[in-house]
Amino acid sequence: MSVQQTTSARLSDVVVHSLIETERFGQRYAVSGEAAPRTVELEALGSDYRATGYTTREQADDIGRLLELGPGSVLLDIGAGCGWPGLYLATTLGCSVVSVDPIMEGCSAALDRIGSDDLGPRALALLGTGEQLPIRSGSIDAIVHADVMC
Amino acid sequence: MLRASRRVLRPGGRLAFHTIQVPPGLSAAKRRRASLVGPPGVAVRTTYPSLLRSAGFIEIDEVDVTAEYLATQRRWLAATLRHEEGLRSVLGDDGVHEGIERRRRTVDAIEGGLLSRTLYSATRSHRLRYGRDARSSPNR
């Protein structure tokens, strides 16, 4: 076994998340902003947030109503990737949002979107996992996540 | 993760999430097939309502959205095929091919009743069920 293989095997024992999954999502988010993937996303989900899952715009709207989001409420989006649907709900309903994802490329894309949508005072994108949330106890009004637990 | 969610929610705060599951009552062979096609944690045997109750949530509701999941997977597949050439320049031939095959397998699995998707919602109880919730958090 080479030094590189040994190190990689050792790191696989150290990190909580699978290195393969981390790499796969990183690669996915790195290209999700290109024209063709964005067109496909729009046709599949009705969203343009570099999303790659199964939550449609209609379902995001349903969640906004279910969670009774509005100005003044704080939403936490766990495993948010590039910001879908949390940043969308902040834009459409006026709530504040904390977008959390363990993948650097997803957080970076969410930060870009916060800037381009001028959501700065009402939105944060943080690196973190669903098990270890960088959030104060009792501070959140509502939580959303999609296909993170499976 | 649900206990971490409970910690950060205010009392009375709401949680809503979608998740993909293997429907109950399938044969062992079908469960194995579903596990191969679905996401890594799809074959969890504990039910989500019991997990939510254990984590201190009440007013638990669930809505089956499998029909919408199937429709969405079909749209992903159709859109991927429509824009295959453009995607190849971004994802490479192998990436597009693998993506299309994965979508096809998933559509087949949903149509065959091997995978379902559910929207769960629940409310954080006011009562502390776990004493350590009140004591252990470094982020309080």
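Leaving aside its neighbours within four places in sequence, which residues is Thr56(A) in contact with? Here are my notes, starting with that one; please keep in mind that this is a predicted model.

1. Thr56(A) sits in the loop between α3 and α4 of chain A. Its contacts, with neighbours within four places in sequence set aside, are Ala44(A), Leu45(A) and Trp84(A), together with Thr72(B) and Arg75(B) from the other chain letter. Thr56(A) has a relative accessibility of 8% and counts as buried, because the cut-off for that label is under 20%.

2. Now to the helices on either side of those contacts. The axes of α3(A) and α4(B), the latter covering residues 66-82 of chain B, come within 8 Å and cross at roughly 150°. Angles over 145 degrees count as roughly antiparallel, so that is how α3(A) runs relative to α4(B). The crossing of α3(A) past α4(B) is right-handed.

3. From α3(A) come Val40(A), Glu41(A), Glu43(A), Ala44(A) and Leu45(A), and from α4(B) come Thr72(B), Arg75(B), Trp76(B), Ala79(B), Thr80(B) and Arg82(B).

4. On to the aromatic rings. Over all chains, the count comes to seven aromatic pairs. One of them joins Tyr49(A) and Tyr88(A) edge-to-face, with 6.2 Å centre to centre and 85° between the planes. Tyr49(A) belongs to the loop between α3 (35-45) and α4 (57-66) of chain A, while Tyr88(A) belongs to helix α5 (residues 86-93) of chain A, so this pair ties together parts that are 39 residues apart in sequence.

5. Tyr88(A) has another ring partner, Trp84(A): this pair is tilted, at 5.0 Å centre to centre and 40° between the planes. Through such ring pairs, Tyr49(A), Trp84(A) and Tyr88(A) are linked into a cluster.

6. Arg113(A) lies over the face of the Tyr49(A) ring, 3.7 Å from the ring centre.

Notes: Residues are numbered from 1 along each chain as its sequence is written. Chains are lettered from A and ligands numbered from 1 in the order in which they are written. This is a predicted model: local features need pLDDT of at least 70, side-chain atom pairs count only at pLDDT 80 or more; totals for chains, interfaces and linings use all residues. Side-chain values use heavy atoms; hydrogens and water are left out. Rings of Phe, Tyr and Trp (its six-membered ring) pair if their centres lie within 6.5 Å; planes under 30 degrees apart count as stacked, over 60 as edge-to-face and the rest as tilted. Helices (H or I, at least four residues) and strands (E, at least two) are DSSP runs, numbered from the N terminus. A charge sits over a ring if NZ of Lys or CZ of Arg is within 6 Å of the ring centre and within 35 degrees of the ring normal. Axes are lines fitted to C-alpha atoms, for helices over the stretch in contact, and angles run from 0 to 180 degrees between N-to-C directions. Angles under 35 degrees count as roughly parallel, over 145 as roughly antiparallel, 65 to 115 as roughly perpendicular and the rest as oblique. A crossing is left-handed if the near helix is turned anticlockwise from the far one by less than a right angle, and right-handed if clockwise. Contact means heavy atoms within 4.5 Å. Buried means under 20% relative accessible area, exposed over 50%, partly exposed in between (1.4 Å probe, protein chains only).
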